[in-house]
4 protein chains.
Amino acid sequence: MPDPLAEVRQELATANRILANEGVLDAFGHISVRHPTNPDRYLISRYGAAELMTADDILELTLDSKPVEPTSARLFSELVIHGGIYQARPDVHSVCHHHAVSVLPYCITGVELVPVMHLGASLGGKVPFWDSHDEFGDTPLVVTKPEEGRSLARALGEHWMVLLRRHGATLAGRSLRECVFRSIYTCRNAELQSRAMAMGSISTLSPGEAELCSSHSLTPRTLGRAWEYWAFRLQKAEAATARAEPRPPRAKAGLNKAPARRNKAPAGRGKATARPAQRPAASAGSGGRKVKRAGKR
Amino acid sequence: MPDPLAEVRQELATANRILANEGVLDAFGHISVRHPTNPDRYLISRYGAAELMTADDILELTLDSKPVEPTSARLFSELVIHGGIYQARPDVHSVCHHHAVSVLPYCITGVELVPVMHLGASLGGKVPFWDSHDEFGDTPLVVTKPEEGRSLARALGEHWMVLLRRHGATLAGRSLRECVFRSIYTCRNAELQSRAMAMGSISTLSPGEAELCSSHSLTPRTLGRAWEYWAFRLQKAEAATARAEPRPPRAKAGLNKAPARRNKAPAGRGKATARPAQRPAASAGSGGRKVKRAGKR
Amino acid sequence: MPDPLAEVRQELATANRILANEGVLDAFGHISVRHPTNPDRYLISRYGAAELMTADDILELTLDSKPVEPTSARLFSELVIHGGIYQARPDVHSVCHHHAVSVLPYCITGVELVPVMHLGASLGGKVPFWDSHDEFGDTPLVVTKPEEGRSLARALGEHWMVLLRRHGATLAGRSLRECVFRSIYTCRNAELQSRAMAMGSISTLSPGEAELCSSHSLTPRTLGRAWEYWAFRLQKAEAATARAEPRPPRAKAGLNKAPARRNKAPAGRGKATARPAQRPAASAGSGGRKVKRAGKR
Amino acid sequence: MPDPLAEVRQELATANRILANEGVLDAFGHISVRHPTNPDRYLISRYGAAELMTADDILELTLDSKPVEPTSARLFSELVIHGGIYQARPDVHSVCHHHAVSVLPYCITGVELVPVMHLGASLGGKVPFWDSHDEFGDTPLVVTKPEEGRSLARALGEHWMVLLRRHGATLAGRSLRECVFRSIYTCRNAELQSRAMAMGSISTLSPGEAELCSSHSLTPRTLGRAWEYWAFRLQKAEAATARAEPRPPRAKAGLNKAPARRNKAPAGRGKATARPAQRPAASAGSGGRKVKRAGKR
């Protein structure tokens, strides 16, 4: 019996790796998508870096960020960012949280991020700021409590992107592809605005231009063209390193226990596992015990 | 019977991928070439990212940007940029339109782009600005109407590069290789001018130097040396990722139907298709349905 | 009989190559770890670039930086940086010294490095400066004398990072993974602080935030997640180039004689050696004599 | 009978590709070495991008830049840069000329390049400027006439690096490896100085420090370590793309006819040619006619 969510898991895993490949996500940050048929659920990967995620790593959560099925997988500590926005915004179907180098300077200086070119207009009419210190005082800055998630969602309001002071950015989209597009092109717009500010005084899109540009970009046609490009780039990057094990050996302490179903279907990138002779040396592994086992091959 | 255009299609496809590999084009932007024997036609790829284009993706258009033969392929919405310039400038044989990161700050600030080193002199004596808002008011900024294309061509005038405010750049060349060279080295010049402006006051080439430098660079010898280099780099980049499918699976809705002739001759990069075992997982594919089909392998 | 240090050697070699792959170390710079059971010893690679190091290249030294066993391997000239800090700071279990591009501007200008985002808080409460000229006058700047090492350790004091004027940075950690994390994320923080300073006035974490953020980042869970990511990226990078010889031919003069044990167990990356047909041409080799020998294949 | 110059040719070809791989040379720029036994000769590659050069591409010239043996290979137009310096400076054994992005802003602004970190001290005590306009008025800026080469050599004087206004840099070394080291680390120093200047006021090495640092870096030990590292990186980069043809198809017009001896010994990278099935498609080739021939294979 086909898993009705298989396509969505696959697409979300690809979105994770696209955003890693395009430099938006690194060891940290995450992207989620609302359940396609049950608006009271959303999907997100297990705890870990986006670049490592495959369809098997995608979990299903309720909007208060509890796993629908019992799992031994570790969860992100900042799930309330996602749950909080899905609860507050029925029109949002995807959420991304990141700390990209191009956007962080705005979080550090408080300079407003404004649309400076047509593709950057996808940032929406306004990008508000949220400073956790205003309401919660000294914290580790990560957004882990439900009330923090709700506060951030209120700051986002009816917009599509919010900047977290001294921390990062959170974006929403009406679809996964819109959220990926907005994540990448707001980074581009941020980079261009910074470079332009270093050269002279900047001109921004007029409100009318911004709205027309955003509408033009966020069509299935344009989103599909960009997705096709990023997926092709990802595919090439992964082909170049295909001999790498699909995932590094896990740490001894069971850092990221995978959902039980993983063992059933080693599909997708798992093929590479069938070519052990081409594996890179265990030397990049994360622990010596693992290395010893590898040595038995 | 050999196709008299085969060489031109091949070279234009290579130019597409060179400009992607050198960071000038990404998901967006395009380059075209005038038909080698019929000056009332030009060639340009189907709708899509330059990095994906092969000779089979090249279409032939009239100067009012209509396909010469019926095609199911999607077309760029900004074709009038190309048609408009070919109509206005018989001496132009190639046109490129892009949004490169190095050049956009000039489009955002209005700072004049000037030749600061010998290779940058290929930008021509002057780089005018065009602001769509002046004549057309609020638009999505993309140049889609014939009158917009004509207006842009008038702004280009007798020059070789024009900057589109809050949008990008459009360049022309007497040949495809000249247009590629100008596209890459004006990006380099822009990057250097920005860096130099951040350090102190800049010195530009004298008008005499600029003219002599431009003449020196735009010879077949120098253009050939640069092309040989970029083609070698492209070749290496594509070899490193050769196991990648030549193109990602198409979206369900037939996002980019290819010209019928594609199915005849799966030459070129299509060879990789013959090694399915080396394909990266379908996980980078663009849609779930496609994934299922791939799963049948 | 298993080598009780094998795991540590392996992990330190991986740390070397992770820091190279992430742009912290290049031809110069080094990372060490205190001996896991004997606090009067530490481990560090032989003389050479971090990117080349495997477990076989790891040597064991006393805290006054003398090899425990006789070795024909060349040693770094700046070992006293490591020995000096291990002597002064029993709580330190790993030391890294580097000249990363993002951090050097602080060493050149004397601008204070401050935490501007949560992950950057791992730099600790304060990053002091050390100027070798203050105490030792004109030197080659490299830290080679025991008294220089002790002076630097005093400047580090109870902190976790110290900047060496006109030279580089030295960092410490309670574990190897903490030291790697701090090395990478202080580079990131430095880059972000520089970019933010170019745009406007910066806001830093409050002292309370900085302490909470640092504690949150430096847990085994978070350190493990980041390490898993960097190890995966390294693994992929090494897979892409696996046909490269594990190490370049040595220079004739025996530039880096390896410990004798190397010849016993050509494990790990050494597998690549078994595929001579895939070796890149000897043309990248470091000397002609080597080239001739290679020519006999 | 072994060619006494084989090792030098090999090393110079490697130096060409190292400088390309490290971003110093691109389509333009060149490096040469004085003949090891005949000080009245020097070696340099044929006309073309450094990244393409193998030992077979190295030519032998007199100090007035005439080929020692008749050749059908094209020559660089700026050979007089090399010949002029070898004539003026018997202590110089290697010369490099480049247009690297990090150094050009100094050529455009006239800001003095000064040592800001220990490895950058290899730039020597002072980096003078040369402006071709002062003596020769409007020119194409490229240094092609013997009197221009002599003028540039006079500007270099007893130093090791000279900046050419609105053009690039020329460096000299007592050996090939010293020249490569200086080329790479002056680019690094330039990048760091620019970044530091954007943040605050810079401190430079004291004259005494600069001299001691330079002496420390330019020993065979340190030069060997850096060369080992760059050669390893090159080897890995070339392994990743080994399926690429060793050189792209030549243009029809015989753009770069190779010396006759090339056909005898297709060694080195030529091995890749034996694996035609792995060649990337001809689509990256430089011309359609070539493509047709390739199709016959």
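**Figure 1. An aromatic cluster with members from chains A and C.** In this predicted model, one aromatic cluster is formed by F28(A), F181(C), Y185(C) and W230(C). Over all chains, the count of aromatic pairs comes to 27.

**Figure 2. A tilted ring pair in chain D, Y47(D) and F76(D).** A pair of aromatic rings is described by the distance of the centres and the angle of the planes. For Y47(D) and F76(D) the ring centres are 6.1 Å apart and the planes meet at 55 degrees, so this pair is classed as tilted. Y47(D) belongs to the loop between β2 (41-45) and β3 (58-62) of chain D, while F76(D) belongs to the loop between β3 and α2 (79-88); the pair therefore ties together parts that are 29 residues apart in sequence. Both Y47(D) and F76(D) are buried.

**Figure 3. Arginines over aromatic rings in chains A and B.** In chain A, R89(A) lies over the face of W160(A), at 4.7 Å from the ring centre. In chain B, the ring of F129(B) has the charged end of R165(B) over it, at 5.6 Å from the ring centre.

Figure 4. Strand β4(C) spans residues 94-98, and five of its five residues are buried. In a regular strand the side chains alternate between the two faces of the sheet. In β4(C), S94(C), C96(C) and H98(C) are on one side and V95(C) and H97(C) on the other, and both faces are covered. Strand β1(C), residues 30-34, pairs with β4(C) in the antiparallel sense over four bridges. In this pairing I31(C) stands opposite C96(C). Strand β7(C), residues 168-173, also runs antiparallel to β4(C), and five bridges join them. Here T170(C) is the residue opposite H97(C).

Figure 5. Helix α6(C) covers residues 176-199 and includes N189(C). The helix has 24 residues and reaches 35 Å from its first C-alpha to its last, close to the 34 Å expected at 1.5 Å a residue. Of the 24 residues in α6(C), 20 are buried, and the helix is mostly covered. N189(C) has a relative accessibility of 0%, so this residue counts as buried. Which residues is N189(C) in contact with, leaving aside its neighbours within four places in sequence? They are L113(C), V114(C), P115(C), V116(C), M117(C), G120(C) and L123(C).

Figure 6. Most residues other than glycine have a negative phi, and most peptide bonds are trans. L141(D) is not a glycine, yet its phi is positive, at about 75 degrees. L141(D) is found in the loop between α4 (132-136) and α5 (146-156) of chain D. Is L141(D) buried or exposed? Its relative accessible area is 1%, so L141(D) is buried. R166(D), also a residue other than glycine, has a positive phi near 55 degrees. R166(D) lies in the loop between β6 (161-164) and β7 (168-173) of chain D. At 5% relative accessibility, R166(D) is under the 20% limit and therefore counts as buried.

How values were computed: Residues are numbered from 1 along each chain as its sequence is written. Chains are lettered from A and ligands numbered from 1 in the order in which they are written. This is a predicted model: local features need pLDDT of at least 70, side-chain atom pairs count only at pLDDT 80 or more; totals for chains, interfaces and linings use all residues. Side-chain values use heavy atoms; hydrogens and water are left out. Buried means under 20% relative accessible area, exposed over 50%, partly exposed in between (1.4 Å probe, protein chains only). Helices (H or I, at least four residues) and strands (E, at least two) are DSSP runs, numbered from the N terminus. Two strands pair if DSSP finds at least two bridges between them. Rings of Phe, Tyr and Trp (its six-membered ring) pair if their centres lie within 6.5 Å; planes under 30 degrees apart count as stacked, over 60 as edge-to-face and the rest as tilted. A charge sits over a ring if NZ of Lys or CZ of Arg is within 6 Å of the ring centre and within 35 degrees of the ring normal. Contact means heavy atoms within 4.5 Å. The expected span of a helix is 1.5 Å times one less than its number of residues.
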